[in-house]
Amino acid sequence: MNLLYIGSIYSDHLADKYRHNCKSGYQFAAQALQTSIIRGLLENGVNLTVVTFPCLPTFPLNYRKAVIKSDDFIFNGRKTGYTVGRLNFPVIRPDFAYKKNIDQWINKTTGPKYVLIYSFEARFLEIAKYIKTKYPDVIIGIVVADLPEFMSWNKFYKILGLQKRDINTIFNNLHYIDRFILLSKHMADKLPIASKPWMVMEGIFDNSCISEPHLIKRDKKKSLLYTGNIDLRYGIMDALNAFTSLTNNDISFIICGFGDTENDITEIAKKDKRVKFYGAVPRSEALRLQQEASILINPRHSSEEYTKYSFPSKTMEYIASGTPTLMCRLASIPKEYDNHLFFIDNETTEGYAEAIKKLFEMNDEHLSLFGQNAREFIIENKNPRVQTNQIIDFLQS
């Protein structure tokens with residue numbers, strides 16, 4: 001299969017530099033999912049070329065460089081495509097130098113050609129229009145990671161009307177897409193794709209990035225852990241307030257991430273020594289901490305509408321750690337996950353606190369067995385080879 005991947009993944013040799021220059025906004029979750037997609041496509045023998053527009057915040061407020069330089073795209077030590085550069089200023093959306101890369105790929109590739117786009121970015125839908133208009137026989141699929149109305153938009157972007165502009169661009173160009181890969185079945189209800197083929201692939205977990213359980217020494221002191229975005233809407237303060245209401249002195253709550261509640265969490269940590277706030281940490285460190293913790297928590301409320309329309313990648317990552325995971329019953333989580341998660345049924349501070357307390361009172365052996373069974377489920381059924389094989393079959397159907 002000949003496939004051109006268009007996305008925002010960071011090249012192996014540039015990722016550390018990008019992270020160093022980011023004051024905020026480094027895309028950990030998107031990087032993890034895209035890495036798994038690329039790995040799976042290669043494992044399935046796809047003849048793959050990547051054209052990436054690295055997703056980075058703009059200069060000068062949130063990024064230290066005014067120019068993102070063009071470069072190769074390196075994956076696992078091998079050149080697999082191109083990193084497209086740009087002037088990195090707010091508001092400006094220049095005509096990216098992507099057409100030459102696309103034309104070269106199509107002209108040198110023989111046989112059926114497929115394009116896979118990652119996410120609803122306005123620029124990517126414009127690229128889809130360019131490809132489909134000039135090369136109508138190319139089959140274009142898109143991985144819908146988030147619906148436009150639930151994406152994180154900069155407030156100045158909204159004020160200037162650029163959010164509305166980009167959403168219009170996305171929906172005006174959807175008809176150039178042939179196949180839709182959704183992370184939740186509910187996404188189909190929000191998109192005008194009734195006549196187009198779509199499939200659900202809730203996510204991928206790349207097990208090559210975590211250690212085997214016997215190589216991890218679980219922390220003897222009991223701990224609750226959250227890793228990820230700490231914006232208020234993701235429920236982190238609900239979990240934190242619930243935890244601080246508990247009187248147990250033998251457990252701690254470790255929080256890793258960045259977001260708009262950072263100051264609030266810092267203040268609470270000063271008052272309650274059981275709360276440990278590490279800020280943003282490298283993904284490798286987050287994965288290690290997940291395997292060392294006693295319980296992992298994802299405090300997103302099921303009442304938030306956006307939870308219906310995106311599968312939380314954190315869920316897969318948590319389960320794959322082998323550490324029991326506690327979360328609310330989100331509509332986007334398929335039934336097959338029910339036996340591998342603990343759920344918060346009463347989504348109040350008292351309900352969160354009771355659920356946390358109940359898990360810490362469980363038998364350690366039972367929790368360990370539960371976590372390992374859940375880990376095996378993810379690694380066997382949601383790995384890159386299995387999940388991307390579904391995408392390949394779907395694109396070729």
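Let's start with Asn76. In this predicted model, Asn76 counts as exposed, because its relative accessibility is 53% and the cut-off is over 50%. Where is Asn76 in the chain? It lies in the loop between β4, residues 71–75, and β5, residues 78–83. Its backbone deserves a look too. Asn76 has a positive phi, about 55 degrees, and it is not a glycine. Why mention that? Most residues other than glycine have a negative phi.

Now Ser119. Here phi is near 80 degrees, again positive in a residue other than glycine. Ser119 sits in the loop between β7 (113–118) and α4 (122–134). Is Ser119 buried or exposed? Buried, because its relative accessibility is 9%.

One more backbone point. Which two residues does a cis peptide bond join? Phe59 and Pro60, with omega at about 5 degrees. Most peptide bonds are trans. Pro60 is in the loop between β2 (47–52) and β3 (67–68).

Stay with Phe59, and look at its ring. Phe59 forms an edge-to-face aromatic pair with Phe89. The centres are 5.9 Å apart, and the planes make 85 degrees. Phe59 lies in the loop between β2 and β3, and Phe89 in the loop between β6 (86–87) and α3 (99–108), so the pair ties together parts 30 residues apart in sequence. Phe59 is partly exposed, at 26% relative accessible area. Phe89 is partly exposed as well, at 32%.

How many aromatic pairs are there? The count comes to 15. Another one is Tyr10 with Tyr18, also edge-to-face. That pair has 5.4 Å centre to centre and 65 degrees between the planes. Tyr10 and Tyr18 are both buried. They belong to one aromatic cluster, together with Tyr26, Phe28 and Phe258. And here is a charge over a ring. Arg233 lies over the face of Tyr306, at 5.0 Å from the ring centre.

On to the sheets. Eight strands form an open sheet. Read the order across: β4-β5-β2-β1-β7-β8-β9-β10. The pairing is mixed. Which strands are at the edges? β4 and β10 (198–200), and each pairs on one side only. Neighbouring strands in this sheet are turned by 25 degrees against each other on average, direction ignored.

Go back to β4 and β5, the strands on either side of the Asn76 loop. They run antiparallel, and five bridges join them. Phe75 has Arg78 in β5 as its bridge partner.

Two helices to look at on this sheet. Helix α3 packs on it, touching β1 (2–7), β2, β5 and β7. The direction of α3 makes about 170 degrees with that of β1. Helix α14, residues 384–396, packs on the sheet too. It touches β1, β7, β8 (139–144), β9 (179–182) and β10. Its direction makes about 155 degrees with that of β9.

Next sheet. Six strands form an open sheet in the order β13-β12-β11-β14-β15-β16. Here the pairing is parallel. The edge strands are β13 and β16 (342–344), each pairing on one side only. The twist averages 25 degrees from one strand to the next. Look at β11 and β14: two bridges join them, and they run parallel. Leu225 has Leu296 in β14 as its bridge partner.

Helix α9 packs on this sheet, touching β12 and β13. Its direction makes about 140 degrees with that of β13. Helix α11, residues 313–320, lies across β11, β14 and β15 (325–328). It runs at about 150 degrees to β11.

Let's take α9 apart, residues 262–271. Ile265, Ile268 and Ala269 are buried. They cover an arc of only 100 degrees around the axis, which puts them on the same side of α9. An α-helix has 3.6 residues a turn, so residues three or four places apart point the same way. What about the other side of α9? There Asn263, Lys270 and Lys271 are exposed. The buried residues of α9 pack against α8 (236–244), β12 (251–256) and β13 (275–279).

Last stop, α8. Its buried residues include Ile236, Met237, Leu240 and Phe243. The buried residues of α8 pack against β11 (222–227), β12, α9, β13, β14 (295–298) and α12 (349–360). Find α9 in that list, and you have the α8 contact from the other end.

Key
Residues are numbered from 1 along each chain as its sequence is written. This is a predicted model: local features need pLDDT of at least 70, side-chain atom pairs count only at pLDDT 80 or more; totals for chains, interfaces and linings use all residues. Side-chain values use heavy atoms; hydrogens and water are left out. Helices (H or I, at least four residues) and strands (E, at least two) are DSSP runs, numbered from the N terminus. Buried means under 20% relative accessible area, exposed over 50%, partly exposed in between (1.4 Å probe, protein chains only). The arc is that of the directions from the helix axis to the C-beta atoms. Contact means heavy atoms within 4.5 Å. Rings of Phe, Tyr and Trp (its six-membered ring) pair if their centres lie within 6.5 Å; planes under 30 degrees apart count as stacked, over 60 as edge-to-face and the rest as tilted. A charge sits over a ring if NZ of Lys or CZ of Arg is within 6 Å of the ring centre and within 35 degrees of the ring normal. Two strands pair if DSSP finds at least two bridges between them. Axes are lines fitted to C-alpha atoms, for helices over the stretch in contact, and angles run from 0 to 180 degrees between N-to-C directions.
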